[in-house]
Amino acid sequence: MSLPYDREDELILALLEAKEPLPSAEPAEEEQVLSRLYGEVLGLVAQSVEPVAPPPQLKDALLARVRKGAPRLSAAPAIRAVEKPAATAEPPAPATPTSALEFRSFPLARPEPPPTIRKARRWPALLAAGLALVSSTGAAWFWTQAQESSNQVRLLEQKLAAVGRERQLAQAEIASLREASAGLVEKLALITRPGAAVCALKPPGALPAQAQPLARGALFVSSDHQHWYLKVSGLRPVAEGRVYTLWFMTDGGPRPGGVFKVEAGHEAEIGSVSMPSGMKAVLITLEPTQRATQPSGDQVLFGNEMLPIS
Amino acid sequence: MTLDQQASTPSGAPSDSELIRAVASGDEAALSELYDRHAALILGLALRILGRREDAEETLQETFAYCWQQAGRYQADRAAVVTWLLLVARSRAIDRLRSRKVAERGQDSLDAIEDGLHTSSEGFSTVLSEERRRRVREELDRLPEEQRNVLEMAFFAGLSQAEIAAATAIPLGTVKTRTLLAMKKLRSALRHEIRELL
């Protein structure tokens, strides 16, 4: 997206620390898409947890709680408000009439006035019948028109929603492409900046039986010795639970740099903006867990010679 | 059922959006259907945050009670229904966590929850939701550990960036950078999953 870097960052941090699930304020249009995208990222992070089946009685309790009548802020039909028992959080009912139910039902309960005895005439009855016929025909016509209008409105709303979804998809696609483009520019800048260096990674000298002799890799390091970018190829996909782990070998011992997996026939890339100081060599191992603190698995790639790129 | 049913489903079942509109007009059956679709996931999230089954079940109830009351305020262009429900649940769970003052709860207890309570989800998960979970988990695992850690502390423990910096003795700026990098990487890596939710 074209938002200034700082604004986008603020938006992400605000979403993470928001007290309410969705910000109540209407964001500017160009921020809406980003807000939506990062909101969905958070929703997906939430979906990374394993579901846990609730006990059946929990649903019964919820529905009972709902029936008890929690106050609703939505635009529920008026009849519901009348039918529902008085909710605990609703404002107290006025003293007279005693309740909304009684108040609303009052006109229905009103007694009919006593019939008056008059001398009957025929023409008013005929006139009334004619008027009733005309008015009922008119009402039917208006009702039909209203139904048609209502249907048209519904169709237009559906079309509008579809257009809105398409627009969001297109904006998401543009955002992804821009991001991919920015990533490429960033990588290009990293390796073309004066002082950048590269470390070639190859399988270690003494190859065990399960070695991957075709694996190759390159670690690009920026001149600030913080930004780095690793690209590897020829690695085999690994079983579920196992991960390739990058280690920066320093005087203080190996420091984990990140974990990754590979898909068959694909290269893998990872990068970061921080690197431990005093890095002497780079090692990639195949670990049984993603939380390894020391290299203990098979050594797959190794490199210890940093060469200046330019 | 799939986790997200924003669009009309091929089987003719109402979408999540249609259900939430029905809930807004007071339809209890619609609330019941939404519950059946998403309660297991919400309970899993609440349990991950709170660590106590009783508290997590209360949070689940609060979430759907909130849904019943506030469904009219749901805006389809701001979030998928499942996202909205999950973020409501997260917000309620973190409020509860803070009020409980269990800041000392550590990674060990989180692991214990992950290892011990995931056996009862049969019948609630589908191939699609499992696939989505696997993809998200995979992308989370792909993140460098330091980035994943700060993101999980922010999301699942509800810690602010300053609180994470204090807890880990890492400069605030570094914490923010790691969090932002993690979020941006996830947004890029999970673009197909996000598209499904739009």
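**Reading the model**

A: Thr285(A) is a residue of strand β7 (residues 279-287) of chain A, where strands are DSSP runs of E with at least two residues, numbered from the N terminus, and helices are runs of H or I with at least four. This is a predicted model, with local features needing pLDDT of at least 70 and side-chain atom pairs pLDDT 80 or more, while totals for chains, interfaces and linings use all residues. Residues count from 1 along each chain as its sequence is written, chains are lettered from A in the order written, and side-chain values use heavy atoms, without hydrogens and water.

Q: Is Thr285(A) buried or exposed?
A: Buried means under 20% relative accessible area, exposed over 50%, and partly exposed in between (1.4 Å probe, protein chains only). Thr285(A) comes out buried, at 0%.

Q: Which side chain does the side chain of Thr285(A) make a polar contact with?
A: A polar contact is a pair of N or O atoms within 3.5 Å; within protein, one must be able to donate a hydrogen and the other to accept it, and residues adjacent in sequence count only if both atoms are side-chain atoms. Here the partner is Trp247(A), at 2.7 Å. Contact in general is heavy atoms within 4.5 Å, and the residues Thr285(A) touches include Val243(A), Pro295(A) and Val300(A).

Q: How do I read a pair of aromatic rings?
A: You describe it by the distance of the centres and the angle of the planes. Rings of Phe, Tyr and Trp (its six-membered ring) pair if their centres lie within 6.5 Å; planes under 30 degrees apart are stacked, over 60 edge-to-face, the rest tilted. That gives eight aromatic pairs over all chains. Phe220(A) and Tyr229(A) have ring centres 5.8 Å apart and planes at 20°, so they're stacked. Both of these residues are buried. For Tyr66(B) and Trp84(B), it's 6.1 Å and 45°, so that pair is tilted.

Q: And the interface, how is its size given?
A: Often as the accessible area lost when the parts come together. Buried area is that loss (1.4 Å probe), summed over both parts. Chain A and chain B bury about 7,900 Å² between them, 58% of it on carbon and sulfur atoms. In contacts, 75 residues of chain A meet 96 residues of chain B.

Q: How many salt bridges are there between chain A and chain B?
A: A salt bridge is a side-chain nitrogen of Lys or Arg within 4 Å of a carboxyl oxygen of Asp or Glu. The two chains share four. Glu173(A) and Arg195(B) form a salt bridge, with their closest N and O atoms 2.5 Å apart.

How values were computed:
Buried area = accessible area lost by both parts, 1.4 Å probe. Lists of a residue's contacts leave out its neighbours within four places in sequence.
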